[in-house]
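Let's walk through this structure together, one question at a time. Have a look at it first.

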Amino acid sequence: MKIVYSPRHRAHHARQEINRGELVPAHETPERAEAILSALQSAGVGLVVPPEDFGLDPILRVHDAGYVSFLQEAHVRWTASGRSGAAIPMAWPARDMPRVLRSTALDAQLGHYSFDIGTPITAGTWDAALASAHCALTAADIVRSGEPAAFALCRPPGHHAGHDYSGGYCYLNNAAIAAQHLRESGQERVAILDVDYHHGNGTQALFYNRADVFYASIHGDPASEYPYYLGHADETGRDAGAGHNLNLPLPVGSGWPEWSAALDTALDTIAAHAPQALIVSLGVDTFAGDPISKFRLETAHFPQIGQHLAALELPTVFLMEGGYAVAAIGRNVAGVLGGFQQPDRQ
Ligand code: 6XA
Ligand code: ZN
């Protein structure tokens with residue numbers, strides 16, 4: 001299958017993040033994408049192609065125009081105000097403060113357009129995020145043109161980003177942008193399966209009241225795991241979207257028996273919705289060696305994920321989300337895609 005990749009991801013490079021109250025080296029690094037690319041090339045997964053330029057229109061079908069403008073300008077404003085390094089939010093409105101933004105202060109806007117401290121905006125963040133979304137759109141078009149599958153090597157990732165906010169290393173919701181694009185190019189029903197360790201709160205929120213995009217996620221239970229505030233099993237959709245959202249939270253420490261049982265439930269439910277295309281938010285932070293996550297999948301399990309997905313026999317767009325064990329990330333992603341492409345030979 002084709003691999004859509006842009007070196008522009010390297011422009012987004014935060015050096016540090018706050019984790020467990022400590023300033024530590026950032027987990028979401030350019031090396032992740034480079035490791036995946038070289039593993040996919042060594043494994044002969046397919047041709048590497050650059051993204052096409054879709055401009056801003058498909059981004060603005062999902063994201064708020066004020067948010068998109070803010071992302072484009074934030075780092076320039078940060079620097080112009082005499083600050084160095086990455087722009088980082090530090091104040092958010094509480095429940096009894098107005099949600100309408102009245103302040104023009106950069107710090108007010110940083111808080112307004114984010115939900116955590118984990119989305120630093122560097123000089124190259126916008127360019128990288130836009131290229132990442134264009135990778136997703138290009139992969140969607142490759143599948144729409146008749147190929148059975150494509151892989152978008154998206155970086156930065158996207159599934160935590162909502163209509164007008166960033167969070168969890170995510171700025172633009174690549175999966176949602178690709179899903180909306182498929183919908184507007186003729187696919188009546190699209191399913192998104194999110195297999196990242198973390199619940200894709202942004203993707204869920206974007207389609208929560210819609211019947212045309214089904215969202216299913218297998219993730220660490222938000223009772224103890226990030227993003228905490230969304231991803232519980234009783235969130236099943238609202239209004240027209242009632243019954244079109246499936247959360248399968250699993251306890252910390254879950255391994256392949258529990259995880260693959262949840263995968264089978266998700267796949268059965270997706271099949272019952274009869275979508276015309278599948279988008280896989282592919283995080284491999286379910287790996288036992290992941291430094292920030294707590295499931296116990298081993299490298300040998302990732303090809304089996306690909307095999308299970310192939311059994312759906314749907315046109316499939318894979319998009320990269322999380323995974324931070326850089327030494328293993330490439331073989332784990334190659335495992336999923338290899339298992340999908342050659343289900344009998346794994
Ligand atoms: C909080 C943890 C961010 C999780 C990022 C991720 N700093 N999401 O992998 O899928
Ligand atoms: Zn994750």
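Buried means under 20% relative accessible area, exposed means over 50%, and partly exposed is in between, with a 1.4 Å probe and protein chains only. This is a predicted model, where local features need pLDDT of at least 70 and side-chain atom pairs count only at pLDDT 80 or more, while totals for chains, interfaces and linings use all residues. Residues are numbered from 1 along each chain as its sequence is written, chains are lettered from A and ligands numbered from 1 in the order in which they are written, and side-chain values use heavy atoms, with hydrogens and water left out.

Q: Is T316 buried or exposed?
A: T316 belongs to strand 10, residues 316-320; strands (E, at least two residues) and helices (H or I, at least four) are DSSP runs numbered from the N terminus. The relative accessible area of T316 is 0%, so it counts as buried.

Q: Which residues coordinate the zinc ion (ligand 2)?
A: Donors are N, O and S atoms within 2.8 Å of the metal (3.2 Å for Na, K and Ca), and water is not among the atoms, so sites may look incomplete. At 2.0 to 2.1 Å, the zinc ion (ligand 2) is coordinated through OD of D196, ND1 of H198 and OD of D285. Along the chain, these donors follow the spacing D-x1-H-x86-D.

Q: What is the geometry of the site of the zinc ion (ligand 2)?
A: Four donors are tetrahedral if all angles lie between 85 and 135 degrees; four are square planar and six octahedral if opposite donors are over 155 degrees apart and all others between 65 and 115; anything else is irregular. The six donor atoms of the zinc ion (ligand 2) have angles of 29 to 160° among them, and the site is irregular.

Q: Which residues touch the most other members of the largest nonpolar core?
A: A nonpolar core is a set of buried Ala, Val, Leu, Ile, Met, Phe, Trp, Tyr and Cys residues joined through side-chain atoms within 4.5 Å. The largest one has 52 residues, and those touching the most other members are F151, L193, W259, L282, L309, F318 and V333.

Q: What is V333 in contact with, leaving aside neighbours within four places in sequence?
A: Contact means heavy atoms within 4.5 Å. With those neighbours left aside, V333 is in contact with I36, L40, F151, L282, V284 and M320.

Q: How many disulfides does a search of the whole structure find?
A: A disulfide is a pair of cysteine sulfur atoms within 2.5 Å. The C154 sulfur has its closest cysteine sulfur in C135, 5.7 Å away, so that is too far for a bond. For C170 the closest cysteine sulfur is in C154, and because the two are 10 Å apart, that is too far as well. The search of the whole structure finds zero.

Q: Which residue is joined to P227 by a cis peptide bond?
A: Most residues other than glycine have a negative phi, and most peptide bonds are trans. P227 lies in the loop between strand 7 and strand 8 (245-250). With omega about 10°, its cis partner is Y226.

Q: What is the phi of R20?
A: R20 is found in the loop between strand 2 (16-19) and strand 3 (22-25). At 77% relative accessibility, R20 is exposed. Its phi is positive, in a residue other than glycine, with a value near 50°.
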